[in-house]
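My notes follow in the order I made them.

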Amino acid sequence: MISTIISDLEAEHKRSDDSHRVKRLTVGDSLYKEIIRTYPPLRDNPTYRRLFRYIVLQYHSDRYIPIPHKLLADIARIHPRKFNGERLLEDFRRNVLPGMAWSSYSPDNHKCRVILKTGIDEFLQRRLDEDNEPKRRDMESGKVYNRVSQKEVHARMLEANNALVEASLCENEAMREVHRAMLNDLNNLPLTLFQGLADKHYNEAWSVASHLPYEDESDRRKLQLELQEVRDMPKPFYHPSGQQARVYSSGGLANIKKEVRRAFFLKEEGHVELDIACCNLSIVARLWNIESIQEIQQQRGSVWSELLDYMETSDELRAITKPILKQGVCSSIYGMKASNVEGQVTLEFGGKTLKGKGENRYAKPVKGRPVLLKEKRFTDNPLIADLLQAINLAKQEIRDDGGYNGAYGFIEYDGVEDIDSYLCRVIGSYELAIVASCFELARERGDFQVVLYQYDGVTIKVAKNDRPDRVASVLTAIQHRASQVAQSFGIYTTLEPC
């Protein structure tokens, strides 16, 4: 079992360089001093401090922490071929964390271990997770972390990210130029813009995060650690990934939970969050000619209202039920079997959700969610039945034709790539074209800018937001442009305020 876990975590962690990524750099001043008192060998050993930061301070999605050989070598500042990772871990355990335990190498390529137990005192770990002290110290250097050091970190991360962008641009020339323009807009936003947001709203965002309902304590810890990363570097950096239409962020404000993110981007300060209305379903309804869905959208009706009515959902439970149905639709689009989709929806209606991975998945009650009455099968709905049928026909057509038309031209299918992953690339190209229209309009008008990108949506900042009519004028122009682009592909959607 451990061998499988190591291989899975190694695959998740694998990347050539993560120097562009937002990560937690600091601890509170008093906590830093306590750590040095508790673990004296950290005082004069930067390698130990870097390793401590990675293992103890950073968020890891699994209780087992992946620690590839290259990462250990980077921490030690030694070339991987000249580096003995086992010796570093042994020295660190002997001198710093005697309770630390790790696995042997990955059985696949012998280049990754996982930390099975950190050995950190649980009370201290909890205090580190909840650390919200204003005065900060850089865990690596031990120096006070201020505006000057943050500016230096920004310069290093921007340089690393720009190199990654150039190495990762896609082969499709039209899409590559769209990516290049968007990334230029996003990555050249001034650091001071995000510093100002963090200065003004960090404490409120922390309060929001502290009072949200969580399915389990690990979700709370994840969000708090993400906020600590945001405090250290509030500006996200973006880069493409191979032939994917989407661009990806380094983390930070772009990826943080929306309820917390919105505490930074207030409407009263001219921020507006927009996303593509009924994004995936609108795109596939056109691509796969699902007439029943397109007819509703043509008449400006709501597919979600139709599905909620079919499931006989009462008005007071619609807000709870809609996300369950949206997940069912997305799962259908991206390859889940109809029987599994039905099982997923039934489970969620029963107030539970699936946790874990693979064979270790299990059903867990969702805190605060009521058990909903489910009188009908979700997949028996005529719209969902049409969707599922269209998916199967589209996949066969792709296999027969060797590809499908994306927003920027024909996308070849080699027969080796997972067909659902391929469909994701096709759908993503149309998503990109619609969202890119907002960036193009911002460059033309100059009275607003895109400050965050979130795949099928954006957050904008209106320059002169003291009058509601100015904000309304910008939003009308954005919606008109996005609708034009969507309709040029026969898609009935636009960018709408959330």
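Lys 222 first. I read a relative accessibility of 29% for Lys 222, which counts as partly exposed. I am working on a predicted model, so every entry here is a computed one. Lys 222 makes a salt bridge with Glu 226, and the closest N and O atoms are 2.5 Å apart. Both residues sit in helix H10 (residues 217-232), 4 residues apart, so about one helical turn separates them. The cut-off for buried is under 20%.

Next I looked up Lys 200. Its salt-bridge partner is Glu 269, with 3.0 Å between the closest N and O atoms. Which parts does this pair tie together? I placed Lys 200 in helix H9 (residues 191-211) and Glu 269 in the loop between helix H11 (258-264) and strand E8 (271-276), so the bridge ties together parts 69 residues apart in sequence. Is Glu 269 buried or exposed? Glu 269 comes out at 19% relative accessibility and counts as buried, the limit being under 20%. Lys 200, in contrast, is exposed, at a relative accessible area of 57%.

Asp 315 is exposed, with a relative accessible area of 65%. I also noted a network: salt bridges with shared partners join Arg 50, Arg 53, Arg 77 and Glu 140. For the total, I recorded 32 salt bridges by the same rule.

I then turned to helix H19. How many residues does H19 have? H19 (residues 468-488) has 21 residues, and I read 30 Å from its first C-alpha to its last, close to the 30 Å expected at 1.5 Å a residue. I listed its buried residues, among them Val 471, Leu 475, Ile 478, Arg 481 and Val 485. Arg 481 I marked in the list, as a charged residue among the buried ones. What do the buried residues of H19 pack against? I found E8, helix H18 (419-445), strand E13 (448-453), strand E14 (457-462) and strand E15 (495-497). Strand E8 had already come up, as one end of the loop that holds Glu 269.

Last entry: Gly 490 follows H19, and I noted that its phi is positive, near 80 degrees.

Definitions and conventions
Residues numbered from 1 in each chain as written. Predicted model: local features only at pLDDT ≥ 70, side-chain atom pairs only at ≥ 80, totals over all residues. Heavy atoms only, no water. Salt bridge = Lys/Arg side-chain N within 4 Å of Asp/Glu carboxyl O. Helix = DSSP H or I, 4+ residues; strand = E, 2+ residues; numbered from the N terminus. Buried < 20%, exposed > 50% of the residue type's maximum accessible area, 1.4 Å probe, protein only. Expected span 1.5 Å × (residues − 1). Contact = heavy atoms within 4.5 Å.
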